[in-house]
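Please read this report with the sequence and the 3D view side by side. Each section takes up one part of the chain.

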Amino acid sequence: MAYRWPAGTAFKRIDLDVEDRSCPVCERYMHVCDHRYHHLWTFEGPTQIVNRLVRCPAPACDRQGCTFSPATALSISMPRWCMGWDVFCWRGYRRFARPWSVPQLCAE
Ligand SMILES: [Zn+2]
């Protein structure tokens, strides 16, 4: 079930780019072909991650049609999760190292 954000939520925007824009096969400069938006909770509040996806423009390249996304997106959160690693670790520590109950975690 997808998380429903309250109406009017103000997000902090973080733009992510692919670190190496050269194609791994033909070494041509890859162009931005699409954007992937990911909304999640972090300790800084509601956050919008904008991933700029790139693709090789060479029609004869073996990787033509393959989309590359920024690797740093995984350092912020898991794909399709609604919380960042910081919130996930905070909740996990309190749930398992300290035996906080789920209602206590949600209230905090
Ligand atoms: Zn290529």
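## Cys 26 and the zinc site

Cys 26 counts as partly exposed because its relative accessibility is 29%; buried means under 20% relative accessible area, exposed over 50%, and partly exposed in between, with a 1.4 Å probe and protein chains only. This is a predicted model, in which local features need pLDDT of at least 70 and side-chain atom pairs count only at pLDDT 80 or more, while totals for chains, interfaces and linings use all residues. Residues are numbered from 1 along each chain as its sequence is written, and side-chain values use heavy atoms, with hydrogens and water left out.

Which residues coordinate the zinc ion? They are Cys 23, Cys 26, Cys 56 and Cys 61, each through its SG atom, at 2.2 to 2.3 Å. Donors are N, O and S atoms within 2.8 Å of the metal (3.2 Å for Na, K and Ca); water is not among the atoms, so sites may look incomplete. The arrangement is tetrahedral because the four donor atoms subtend angles of 101 to 117° around the zinc ion; four donors count as tetrahedral if all angles lie between 85 and 135 degrees. For four tetrahedral donors the ideal angle is 109.5 degrees.

## Spacing along the chain

The donor residues follow the pattern C-x2-C-x29-C-x4-C in sequence. Cys 26 lies in the loop between strand 1 (12-16) and strand 2 (31-42), and Cys 56 in the loop between strand 3 (45-55) and strand 4 (67-68), so this pair ties together parts that are 30 residues apart in sequence. Strands are DSSP runs of E with at least two residues, numbered from the N terminus.

Is Cys 56 buried or exposed? Cys 56 is buried, because its relative accessible area is 2%. Leaving aside neighbours within four places in sequence, the contacts of Cys 56 (heavy atoms within 4.5 Å) include Met 30, Arg 63, Gln 64 and Cys 66.

Cys 56 also belongs to the largest nonpolar core, together with Val 18, Cys 23, Met 30, Val 54, Ala 58 and Cys 61, seven residues in total. A nonpolar core is a set of buried Ala, Val, Leu, Ile, Met, Phe, Trp, Tyr and Cys residues joined through side-chain atoms within 4.5 Å.

## Cysteines without a disulfide

How many disulfides does a search of the whole structure find? The search finds zero, a disulfide being a pair of cysteine sulfur atoms within 2.5 Å. For Cys 66, the closest cysteine sulfur is that of Cys 61, 8.1 Å away and therefore too far for a bond. Cys 66 is partly exposed, at 31% relative accessibility.

## The hairpin of strands 2 and 3

Strand 2 and strand 3 form a hairpin with two residues between them. The two strands pair in the antiparallel sense over eleven bridges; pairing requires that DSSP finds at least two bridges between them. One of these links joins His 39 to Gln 48, its bridge partner in strand 3.

Cys 33 is found in strand 2 and is partly exposed, with a relative accessible area of 37%. Beyond its neighbours within four places in sequence, Cys 33 is in contact with Leu 53, Val 54, Arg 55 and Thr 67. Asn 51 lies in strand 3 and counts as buried at 4% relative accessibility. With neighbours within four places again set aside, the contacts of Asn 51 include Leu 16, Asp 34, His 35 and Pro 70.

Conventions
Tetrahedral: all angles 85-135°; square planar, octahedral: opposite > 155°, others 65-115°. Helix = DSSP H or I, 4+ residues; strand = E, 2+ residues; numbered from the N terminus.
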